Amino acid sequence: AEQATQLEQASMRRQVDALEEANAALKTQVDELKLETEDLRRRCAVNARSIQVLKKDVKWTYSAPAIPRSHWLNQGHGDQYIAEMTKLVKGIKNITKKLRTGNDHLSKIFLKTAVSLAHDDIL
């Protein structure tokens, strides 16, 4: 009976040791996760501050230079073409402003002209 009790106690001691080892491993893992969480929170806060700075310091306007009427005239285009190009550039500016400010969620962009447009690197 005493031998059976000793065997049972030894078995229980091995189980306790295994549980203590598993517990220590879990505590280590929890500590590592706490450190990682703190690091991620810190990085998130830094990123949030960076975004605020970027949003504040950016000029959200269409920055391409104006295209002079003479540009179109020098290419041999007439008044109707020039008027359509002027409307097109104005439309591009408006769409760009909406996209940059995020004030209007555009699902589609339509730029329609009454004349066929020639390729032009200035755009």
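**Salt bridges and nonpolar core**

In the predicted model, Arg42 is partly exposed, with a relative accessible area of 48%. The side chain of Arg42 meets that of Asp39 in a salt bridge, in which the N to O distance is 2.5 Å. Both Asp39 and Arg42 belong to helix 1, which spans residues 2-57, and they lie 3 residues apart, or about one turn of the helix. Asp39 is itself partly exposed, its relative accessible area being 28%, a value that falls between the 20% limit for buried residues and the 50% limit for exposed ones.

A salt bridge also links the side chains of Asp39 and Arg43, with an N to O distance of 3.6 Å. Because Arg43 and Asp39 are 4 residues apart in helix 1, about one helical turn separates them. Arg43, at 45% relative accessibility, counts as partly exposed.

A search of the whole structure finds 5 salt bridges, among them one between Lys87 and Glu84, whose closest N and O atoms are 3.3 Å apart. Through salt bridges that share partners, Asp39, Arg42 and Arg43 are joined into one network.

The largest nonpolar core consists of 6 residues, namely Trp72, Tyr81, Ile82, Met85, Leu88 and Val115. Helix 3, which covers residues 79-101, supplies the largest share of this core, with 4 residues. In soluble globular proteins, nonpolar side chains tend to be buried together.

The structure holds 1 aromatic pair. That pair is formed by Trp72 and Tyr81 in an edge-to-face arrangement, with 6.1 Å from centre to centre and 65° between the planes; the geometry is called edge-to-face because the angle is over 60 degrees. Trp72 counts as buried at 3% relative accessibility, and Tyr81 likewise counts as buried, at 8%.

Terms used. Residues are numbered from 1 along each chain as its sequence is written. This is a predicted model: local features need pLDDT of at least 70, side-chain atom pairs count only at pLDDT 80 or more; totals for chains, interfaces and linings use all residues. Side-chain values use heavy atoms; hydrogens and water are left out. A nonpolar core is a set of buried Ala, Val, Leu, Ile, Met, Phe, Trp, Tyr and Cys residues joined through side-chain atoms within 4.5 Å. Buried means under 20% relative accessible area, exposed over 50%, partly exposed in between (1.4 Å probe, protein chains only). Helices (H or I, at least four residues) and strands (E, at least two) are DSSP runs, numbered from the N terminus. Rings of Phe, Tyr and Trp (its six-membered ring) pair if their centres lie within 6.5 Å; planes under 30 degrees apart count as stacked, over 60 as edge-to-face and the rest as tilted. A salt bridge is a side-chain nitrogen of Lys or Arg within 4 Å of a carboxyl oxygen of Asp or Glu.
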